[in-house]
Amino acid sequence: MHDDPRGQADGADIQDPPQRNGLLRRLLRLLTFVDLPIKQKFLLLTLGTLFWFGSMAIVTVFALTAIQYKYHQVAEQIIPHDQATREVLAHLQNLDRDLQFSMHTEPGSDLLALQSIRDHVKAIRAVNARLSLRQTAVSGSLVENLLRSMAKSSPESLEYLRDIMVLTDRIDQALDSYTTARRKPPRGGEAEVTAAALDTARARVADGIALTLQHSKSVTESYGDINNAIYQIIRESVNAILVVLLIASTLLFFFVRWIIVAFQRPIAAIIRQIDSLSTGDINLAKKVAIKSQDEIGTLSKKFNTLVDSVYGMTIYKKVIEDDAALDDVYHRLGDVFENELGIREYTIYDVNAQKKAMRVAHPPLVGDAMLHCDADILSDCSQCRAVKTGGKVSSFEFPGVCRRFVPEAGMGHICIPLVAGGIAGGVVQLRFAADPQGTMRDPTTPQKLFNAETYINQSLSVIEAKRLMQTLRESAMVDPMTGLYNRRFLQDHTAQIISGVLRRRTQIGLLVCDIDYFKQVNDTHGHDAGDLILRETALVLKSAVRESDIVIRFGGEEFLVLLMDVQPDDALLVAEKIRQAIEAMKITVGDKVLQKTISIGVAEFPGDTDGFWQAIKYADVALYRAKDQGRNQCVRFAPDMWQHGDF
């Protein structure tokens, strides 16, 4: 059997089109950078776009520069020379006319004609001098001066300028000869000399007219040539820009088409999953399948990680919403930092805006735990940069940005304020390892920081709600007029106060204070004056005791002071200090200055009795004894003051 060459050829023809299509497809993919990584793809797109825009810009700049060059040729050469030739031609023609006129006048009566001849010569010299000065004038930018220098007069124009200046000198010499001949007395043969001088002068003028007309014609032809060149530059520039634009648009079309095919399908699948998440349908089983290892595959991985994060944050927020107290939320946030994000070095501060103080909320400072900030911030939160600015403070952005942070070798910090309602109610301080240059040592730190900020933002609304509830509870225990605690505070915290004193085996000094003759103030000066005295008295009481002591408005004009952890009989000394401070207090009401006194009863718990409320009653009994003895004094409770048996 013999092979059929015809059949082989037919088979080859059948296979060629698919092969050609495959080659064409690969060529198109290569030209449109489809197979390159996304970063390189768009980098090349940017470079290509810049190339084509640059090409159009170069063509445009070249065209405008050429047009400007031609403009300078017109402005620096054509127009000045055209104007000069017109002026010179007019003066030469007038000069020839004046010479003809002087020829027919008698010597001595042609002074005006001769003066006019001289004026025309001077005018011609002035025009030539002005034209010469334009060749050396320099002004404007560097590019304009360069174009102007390139657009200087042509050699023909310079030659004309030299020739006309030489010819002007010859005309001037001929006129001198003619004028001299005219002024000599008439003798034999002098008429012929004068006529010869006149002919010479007119011949020089005729040469000048011919030279000027020839140069004027040359200037006109140059103007036409430049005008045609400008039109040609414009046409060629427009055609070049259109060609560049067509090529760039074609390549961009193919590139965009392939990009849509490569990105649209996988991204559409991710969008469908995002839509399901937006409806609250968080299902860890609905993850995007990872079918490639390129950027799309990376995007799928990131999306699955996002699903995990959203799910975790959703559960986290539900849990903290059910927590009872604000500190529980802080502890929960700390657990997330440690267990889920791997952040071991952190401190959460709670800010008390009213007291302008802050405290370590979590983790507690126990054992060898150290405070990584200056301790002054605890008593004055305005010294904390994050609280003061309400913005994130990072030593990685600016080393040493916060002077209250205690530096630690190899560590940097980021302080994030917990801003709710426009007020920083707390601060989260995160500490990460840093290299000697002050940058983050661990490449995973930025991701940890982002996740931490996300959890913090999720917590803000819950923290604000918990803080509001806590504020409402505290406001019910605070007297709105004086800002002191009220009787309810004492009732709610009695057990805590008693247990602390008994545990520390110390004593509480109880001072029951009552403003003397307070009713007279209300009756005489009005209730506004009475309220003012109450507020000023509260300020004096708070300033006279320690921060750890408790001042309570017990009712009306009566106050109760709890002096924590005092030695026996120290309470009476503090009471006397308060009495003197009140006595020295001056309050201006209208045009009068009021001075009040105070009576104080003193008792001690558990020194006088093991019943807390009974000790308060004893201090109240001592107060009435002070009132009975004339007021404005401090009385220490004694057992003989109580005659009623058991309390």
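The model is predicted: local features need pLDDT of at least 70, side-chain atom pairs count only at pLDDT 80 or more, and totals for chains, interfaces and linings use all residues. Residues are numbered from 1 along each chain as its sequence is written, and side-chain values use heavy atoms, with hydrogens and water left out.

**Strand β6**

Select residues 507-515, strand β6. Strands here are DSSP runs (E, at least two residues), numbered from the N terminus. Nine of the nine residues are buried, so β6 is largely enclosed by the rest of the structure. Buried means under 20% relative accessible area (1.4 Å probe, protein chains only). Q507, G509, L511, C513 and I515 point one way, while I508, L510, V512 and D514 point the other.

Two strands pair if DSSP finds at least two bridges between them. Find Q507: its partner in β8 is V566.

Now show β11, residues 598-605. Eight bridges join β11 to β6, again antiparallel. I515 has I598 as its bridge partner there.

**Rings**

The structure holds seven aromatic pairs. Rings of Phe, Tyr and Trp (its six-membered ring) pair if their centres lie within 6.5 Å; planes under 30 degrees apart are stacked, over 60 edge-to-face, the rest tilted. Select F337 and Y346: their centres are 5.5 Å apart and their planes at 75°, so the pair is edge-to-face. F337 counts as buried at 0% relative accessibility, and Y346 does at 2%.

Finish with F605, F612 and W613, which form one aromatic cluster.

Definitions and conventions:
Buried < 20%, exposed > 50% of the residue type's maximum accessible area, 1.4 Å probe, protein only. Helix = DSSP H or I, 4+ residues; strand = E, 2+ residues; numbered from the N terminus.
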